[in-house]
Amino acid sequence: MTEQTRQRAGAGHRSEYRIEDLAHHSGATVRTIRAYQDRGLLPRPERRGRSNVYGDAHLARLRQIADLLDRGYTLASIKELLEAWDSGRGLGGVLGLVAEVDGPWTDEEADRISRAELDEKFGGKPDEAAVEEAVELGVLERIPGRDDEFLVPSPQELAVAAELNSAGVPLHAIAGHLRELRVQVEHIASRFLEFTTEHVFMRYLEHQPPTDADAAEAAALVRRLRPLAQQTVDAELARAMRTFATRHLQQHLGGALPSPHRSGDVPVVLPAGTIEAVRGLVGADGVSVFIATAAEREVHARTLDALATRQNGTTGIDQVP
C-alpha cells in the first residue's frame, strides 16, 4: 500500500503514515522519530498487525518540536511544554511570548548589495580578505546561487564601516573594533535581560510553563520594554562620548589653551589642581568652555580698566576707590 492510498482526505477520514512517510513530511529522520518516542515527546503509533500507523497528530507534534528547537529550547524543556499542552494548559500563550521575543529588535530593514557596489563603497578596490571577514562577522551574508550579491542585515552598520574606511581607518582595524564592541554590547544585553527578568518577568515565569494570561501579559511587556535597552545605551553612549572626548582632547593638548584673541600666542599650561577644581564646579564637559569664558572675561575687564585709566588721566578726574 502506497503513501498516497494511506493519506486520504475528506470528511470522516484522517491521514495515515508509515514511519518513512512521516519522516518525509516532517523533515525528521526515522531515527529521530523513534528517539522522540523513547523520550516521551511523541505519542506511540497505532499498531495494526505488524505495522505502526501514524496520523496527523504525530506530524503536528513533530513540527511543534522542530519549531521549539529552532527557538532554542532543549528537549527537556520541550517535553515539559508538551506535557502542559496535553494536560490542557495550552501552548498558545507561551508560543506568543516566544514569538514576541524572537521578533525584530530594530526598525532597520535588511538590504542587498552587489559586489560591484560593495567594492565602490570601499574605495573601488576589491578586497577578498575583508569580504570574508565581513561574512564571518555577519555584516554580510551570502545569497545562495548569487556570487555577485550579498544580503546586508544592517545597512547602518555597513555604512558606518564605509565612513570609517573613507576617513582612513583600515578594514582590518574596523573588523577588530567590531569584534571588541560586540563582546561589550553582548555583556550589556545580558545584564539588561538579567535585570528585567529579576525585577519584571520573574513573576510571570514562576510557573513552568506560565499560564496563557501570564504569557500574554509578559509578551505585552516585552513590546513596551523592547526599545528601552537601545534608548538607554544611546543616552549613556552620548554622555560618555561627551565626557571622554573632552578628556581625551585635554590629554592630547597637555592642558594647554591658546589665547582667545591671538593664535600666535604661547599656550598657557594650567595647573592640574585648577583643572580639577573647574571640573568639580561645572562638570567634565564644561571645563574648556568655562576656562575660555573666564579668560575672555579677564581680558575684557583689563581692557576696560585700561580705557578708564587713560580717560581719567586725560580729564583729570580722580578715580573713586
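Reader: How many bridges join strand 1 to strand 3?
Author: Two, and the strands run antiparallel. Strand 3 covers residues 51–55. Strands here are DSSP E runs of at least two residues, helices are H or I runs of at least four, and both are numbered from the N terminus. This is a predicted model: local features need pLDDT of at least 70, side-chain atom pairs count only at pLDDT 80 or more, while totals for chains, interfaces and linings use all residues. Residues are numbered from 1 along each chain as its sequence is written, and side-chain values use heavy atoms, leaving out hydrogens and water.

Reader: Which residue in strand 3 is the bridge partner of Glu 16?
Author: Gly 55.

Reader: What order do the strands of the open sheet have?
Author: The order is 1-3-2, with antiparallel pairing of its three strands. Strands pair if DSSP finds at least two bridges between them. Strand 1 (16–17) and strand 2 (46–48) are the edges, each pairing on one side only.

Reader: Which helix lies across strand 1 and strand 3?
Author: Helix 4. It runs at about 65 degrees to strand 3. The angle, on a scale from 0 to 180 degrees, is between N-to-C directions of lines fitted to C-alpha atoms, for helices over the stretch in contact. Contact means heavy atoms within 4.5 Å.

Reader: New topic. Which residues touch the most other members of the largest nonpolar core?
Author: Leu 22 and Ile 33, out of 17 residues. Such a core is a set of buried Ala, Val, Leu, Ile, Met, Phe, Trp, Tyr and Cys residues joined through side-chain atoms within 4.5 Å. Buried means under 20% relative accessible area, with a 1.4 Å probe and protein chains only.

Reader: Which helices each supply at least two residues of this core?
Author: Helix 2 (19–26), helix 3 (30–39), helix 4 (56–70) and helix 5 (75–86). Helix 4 gives the largest share, four residues. Apart from this core lies another, of 16 residues, including Phe 122 and Val 139.

Reader: What does Ile 33 touch?
Author: Its contacts include Leu 22, Leu 42, Tyr 54 and Leu 62, not counting residues up to four places away in sequence.

Reader: And where does pLDDT stay under 50?
Author: Over residues 1–13, and again over residues 314–321. pLDDT is the predictor's confidence in each residue, from 0 to 100. Where it is low, the predicted coordinates should not be read in detail. The chain averages 78.

Terms used. Buried means under 20% relative accessible area, exposed over 50%, partly exposed in between (1.4 Å probe, protein chains only).
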